[in-house]
Amino acid sequence: REITGGIEALAVSLEFESATLPHVRRAIHANFQLGSDVAAERLCQFARSESRSKEMRQLTMELLLAWDTPPNREDVWGRWRPLKRAVAGLAKKSIRTHLQNLLELDDRDLQGLAQRLDARYGREKTPPQLAEMANNPNTTESLRVEALLALEKVRAANGDLYTQACQQALAAPNSAVLRAAAVQSWARVQ
């Protein structure tokens, strides 16, 4: 039998700095399982906290990425527990509030997760922002490709910007995937 009445108290305990790692993992998952806007806010604040372990902050950001499409198996005990969100998008407001701070984290892995959160929950990007993302070597490779492809879709109104971004992507020294995407994109528009 499961004890479900204490899930809210477990979720709130995420705020305690002195909690052990197993307790923190359970508290993170309790917040994810609750799925409320308050729980999302708690997870965003945890992900920003530099005093917390990188591993737990990564887990938190991965769960925020999966917020609207939770897996059917919960990660603490490995039990099959299909979880359906009553309202999709509850985490969006909290994520957007903390997004700039998450994008400025020092750790490259955490920045990559923050960039994925930005792609999923951030504001719609303008063509100049897409061009900057596509050619920014600090942006994860997959997001650079997505930005270039999004720029391709709006090239009719932003042809020069697309051409410039595509040419820079073709010359990207450390990204074979981006170069290949630029070749394919360029071939489609010619």
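**Burial, salt bridges and helix packing**

Analyst: In this predicted model, His29 is located in helix α2 (residues 21-34).

User: Why is His29 called buried?

Analyst: The relative accessible area of His29 is 10%. Buried means under 20%, so His29 is classed as buried. Apart from neighbours within four places in sequence, His29 is in contact with Leu59, Leu63, Asp75 and Val76.

User: What makes Glu15 and Arg42 a salt bridge?

Analyst: Their closest N and O atoms are 3.5 Å apart, and the criterion asks for a side-chain nitrogen of Lys or Arg within 4 Å of a carboxyl oxygen of Asp or Glu. The pair therefore qualifies as a salt bridge. It links distant parts of the chain, with Glu15 in the loop between α1 (7-12) and α2 and Arg42 in helix α3 (residues 37-48), 27 residues apart. Glu8, Glu15 and Arg42 are linked in a network of salt bridges.

User: Why is Arg42 counted as buried, and why is Glu15 called partly exposed?

Analyst: Arg42 has 9% relative accessibility, and the limit for buried is under 20%. Glu15 has a relative accessible area of 49%; exposed would require over 50%, so Glu15 is partly exposed.

User: What makes Arg25 and Glu55 a salt bridge?

Analyst: The closest N and O atoms of Arg25 and Glu55 are 3.1 Å apart, and the cut-off is within 4 Å. Arg25 lies in helix α2 and Glu55 in helix α4 (residues 54-65), so the pair ties together parts 30 residues apart in sequence. Arg25, at 30%, is partly exposed, and Glu55, at 44%, is partly exposed.

User: Why are α8 and α10 called roughly parallel?

Analyst: Helix α8 (residues 141-153) and helix α10 (residues 176-189) pack at an angle of about 10°, with their axes 9 Å apart. Angles under 35 degrees count as roughly parallel, and the two helices are therefore described in that way. Their crossing is right-handed. The residues of this contact divide into 9 nonpolar, 1 polar and 4 charged.

Notes:
Residues are numbered from 1 along each chain as its sequence is written. This is a predicted model: local features need pLDDT of at least 70, side-chain atom pairs count only at pLDDT 80 or more; totals for chains, interfaces and linings use all residues. Side-chain values use heavy atoms; hydrogens and water are left out. Axes are lines fitted to C-alpha atoms, for helices over the stretch in contact, and angles run from 0 to 180 degrees between N-to-C directions. Helices (H or I, at least four residues) and strands (E, at least two) are DSSP runs, numbered from the N terminus. Angles under 35 degrees count as roughly parallel, over 145 as roughly antiparallel, 65 to 115 as roughly perpendicular and the rest as oblique. A crossing is left-handed if the near helix is turned anticlockwise from the far one by less than a right angle, and right-handed if clockwise. Ala, Val, Leu, Ile, Met, Phe, Trp, Tyr, Cys and Pro count as nonpolar, Asp, Glu, Lys and Arg as charged, and the others, Gly among them, as polar. Buried means under 20% relative accessible area, exposed over 50%, partly exposed in between (1.4 Å probe, protein chains only). Contact means heavy atoms within 4.5 Å.
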